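User: Could you walk me through this one? I'd like to go piece by piece and jump around a bit.
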Amino acid sequence: MNIIVCIKQVPDTSEVKINRETNTLIREGVPSIINPFDLYAIEEALRLREQHGGRVTAVTMGPPQAAEALKDAVAMGVDDAVLISDRAFAGADTWATSYALAKGIKKVGNFDLVIAGKQAIDGDTAQVGPETAEMLGIPFIAYIRKIEQVKDNAMVAERMMDEGYDVVETRLPALITVVKEINQPRLPSLKGKMKAKGLKVTTLSCKDITGDENQCGLKGSPTKVVKIFPPAPRGQREILSGTIEEQIGFVAKKLKEQALI
Amino acid sequence: MSVQVIPDKCTGCETCVSACPFGAIEMRDGKAFITEACTVCGACVEACESKAIEKTEEEGTAAAKDLSAYQGVWVFAEQHKGGISSVSFELLGEGRKLADKRKAKLSAVFIGHGIKDKAKELIAHGADIVYVADDPALKDFNDDSYSAVLTTLAALHKPEIILAGATAIGRSFFPKVAAKLYTGLTADCTVLDIDPETGNLHQTRPAFGGNILATIVTPHHRPQMATVRHKVMKKAERNASRKGDIVEVKFTTAGDVRTRVLKTVEEVSETVNISEADIIVAGGRGMGTAKNFHLLEELAKTLGGAVGATRGAVDEGWIPYSHQVGQTGKTVCPKLYIAAGISGAIQHLAGMQSSDVIIAINKDPNAPIFSVATYGIVGDALEVLPLMIRKFKEIRG
């Protein structure tokens, strides 16, 4: 069973702090990491390989430095790494990102399953998975928390929903996105780290994937960001004083005034 | 469009570097340099005091469509086992406003099985037209069949705007529709506004865990698609005497359905799903043990709310993941959020800081949770909660 894992390099938001005066992000010294949700995707791919054999290929679209994220994936045990990178992809929104990814995945070819994390922690859109599936012309299932069975070109899995979960069956090849409940990602092994060190990442340009430049990057993106601004400061913030009973009494009165209790 | 630095004017002050929300500006040879991460948002143009950064508006979109052919506002009316989801009424309320500003019709797309009779409820809440796809094959949510129905209808009737709730369902199948129609989709919007002249929808959404807001438009593609957060828009008022058309849509694409739902299991342990709850009582590691979570349950029950938790509490195994609020859990915006024994890591704040009223209870007066709290109580949650439960019970009788 050959699996492609889509990953994204993101800033480690647990290291990002906010300047409360200017309401901007303090980015100095913030390291880049593999999007945390994608670690579950990598782990699940490795587990499926252990059960069914085959190869696992990590794919990302991004600037040249995104190769670092691919090396981290190889250190975890991924077999091959492909970087889809070209100046033409710069400024891509979710549509144009999915276009490049789908083209790149087709170029890699020979896969039974594509796995990605539920969403990336910098954009939080959760759109690139389903859009890529649509462009690849393969079925899509979101929020997988457990793969129950893979057999005869079909897969049965549990999909988390707002009210509980569904057991869903899909034909393969398919693209799935996974949630954190699915597994506990492994740490990179020493052997993996050695392999990553010497690894030459395959890079695919826009031409390599036969991309239409009009559908790539900023040019191909239907959405445009027109404004970025800090949220309005919250209403008054108050640290209460007095005894615990007095503080609770005050809160109760305020909530009652606002008809919240 | 592109953003360029005029090297002669750049003084190397680095103001733009910290102003860029995407980290897309570097200093090279003492001058600002725009890297590939640039999204042309223009934040640097405004920040630059030397006017050394320019945004140019060259039009590069080859696939420009005839935008005037697209008219009307559509909402995807989500239902669960035949009950219309509350977010559907919020979308109708917001959709009505947008349609009125554009002097256009508001339509609802209603997909499921055994739901035909409920379509008039959507009209009573503001829809002029309801497209109903009622078929046994549409009983369960299925990405293939739902997106086939909506894509076909949208290609035929060409709406200017299509909205859905940012729910598990909306966020799963809307991107497939946008991909197929080659159009823009903006996730998780909290504010929508329309330019009455151009019809451009100004879609504002939080990014970077709610620390920054971005306004996004889809200038050259239609329909403009967006998913909208729960509990942000006002529900439409019900008026049973409103008139509208119900159009039945035949579902004929069963052959293309490659996935099927074998079983549906309801699993949320309390009465309410946290993304729908008006009141959430949440706990973190400061609660100490799984047993202490019963205090949160009791307070939630007293207030008619749901129980939430931090990643820490979920990782300890005190409560299932479906209750997790924050970046790797759910984003919520209830009317009241009570945070007990939660220090307020940035990932947790990202999931709850847009709640209307936030009450924080924590021993440490310097805990970051107090920076977003409407009212902060400095004290041990295990001491405060029982007193709070007693007081609130007294008030509610």
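User: How many bridges join β5 and β8 of chain B, and do they run parallel or antiparallel?
Analyst: In this predicted model, strand β5 (residues 73–77) of chain B runs parallel to strand β8 (residues 106–112) of chain B, and five bridges join them. Within that pairing, F76(B) stands opposite V109(B) in β8(B).

User: Which sheet has β5 and β8 in it?
Analyst: They belong to an open sheet of seven strands in chain B, with parallel pairing and the order β11-β15-β10-β5-β8-β9-β16. Its edge strands are β11 (185–189) and β16 (245–248) of chain B, each of which pairs on one side only. On average, neighbouring strands of this sheet are turned by 20° against each other, ignoring direction.

User: Which helix lies across β5, β10, β11 and β15 there?
Analyst: That is helix α6 of chain B, residues 168–181, which lies across β5, β10 (161–165), β11 and β15 (224–228) of chain B and runs at about 170° to β15(B).

User: Now the interface. How many residues of chain B are in contact with chain A?
Analyst: On the chain B side there are 90 residues in contact with 81 residues of chain A. Those of chain B divide into 46 nonpolar, 28 polar and 16 charged.

User: Where do strands of chain A and chain B pair in the antiparallel sense?
Analyst: Strand β14 of chain A (residues 224–229) pairs in the antiparallel sense with strand β14 of chain B (residues 212–217), over five bridges, and I228(A) stands opposite A214(B) in this pairing. There is also an open sheet of six strands with parallel pairing, whose order is β15(A)-β22(B)-β21(B)-β20(B)-β18(B)-β19(B).

User: Which strands stand at the edges of that six-stranded one, and why is one side of each left without a neighbour?
Analyst: They are β15 (238–239) of chain A and β19 (306–309) of chain B; each has a single partner strand, so one side of each lacks a neighbour in the sheet. Elsewhere in this sheet, β21 (residues 357–362) and β22 (residues 375–378) of chain B run parallel and are joined by four bridges, with V378(B) in β22(B) as the bridge partner of N362(B).

User: Last one: is I138(A) buried or exposed?
Analyst: I138(A) counts as buried because it has 20 C-beta neighbours inside 10 Å, and 20 or more is the cut-off for that class. I138(A) is found in the loop between α4 (128–136) and β9 (140–151) of chain A. Setting aside residues up to four places away in sequence, I138(A) touches A133(A), P173(A), A174(A) and L175(A).

Notes
Residues are numbered from 1 along each chain as its sequence is written. Chains are lettered from A and ligands numbered from 1 in the order in which they are written. This is a predicted model: local features need pLDDT of at least 70, side-chain atom pairs count only at pLDDT 80 or more; totals for chains, interfaces and linings use all residues. Two residues are in contact if their C-beta atoms, placed from the backbone, lie within 7 Å. Ala, Val, Leu, Ile, Met, Phe, Trp, Tyr, Cys and Pro count as nonpolar, Asp, Glu, Lys and Arg as charged, and the others, Gly among them, as polar. Two strands pair if DSSP finds at least two bridges between them. Helices (H or I, at least four residues) and strands (E, at least two) are DSSP runs, numbered from the N terminus. A residue is buried if 20 or more other C-beta atoms lie within 10 Å of its own, exposed if 12 or fewer, and partly exposed in between; C-beta atoms are placed from the backbone. Axes are lines fitted to C-alpha atoms, for helices over the stretch in contact, and angles run from 0 to 180 degrees between N-to-C directions.
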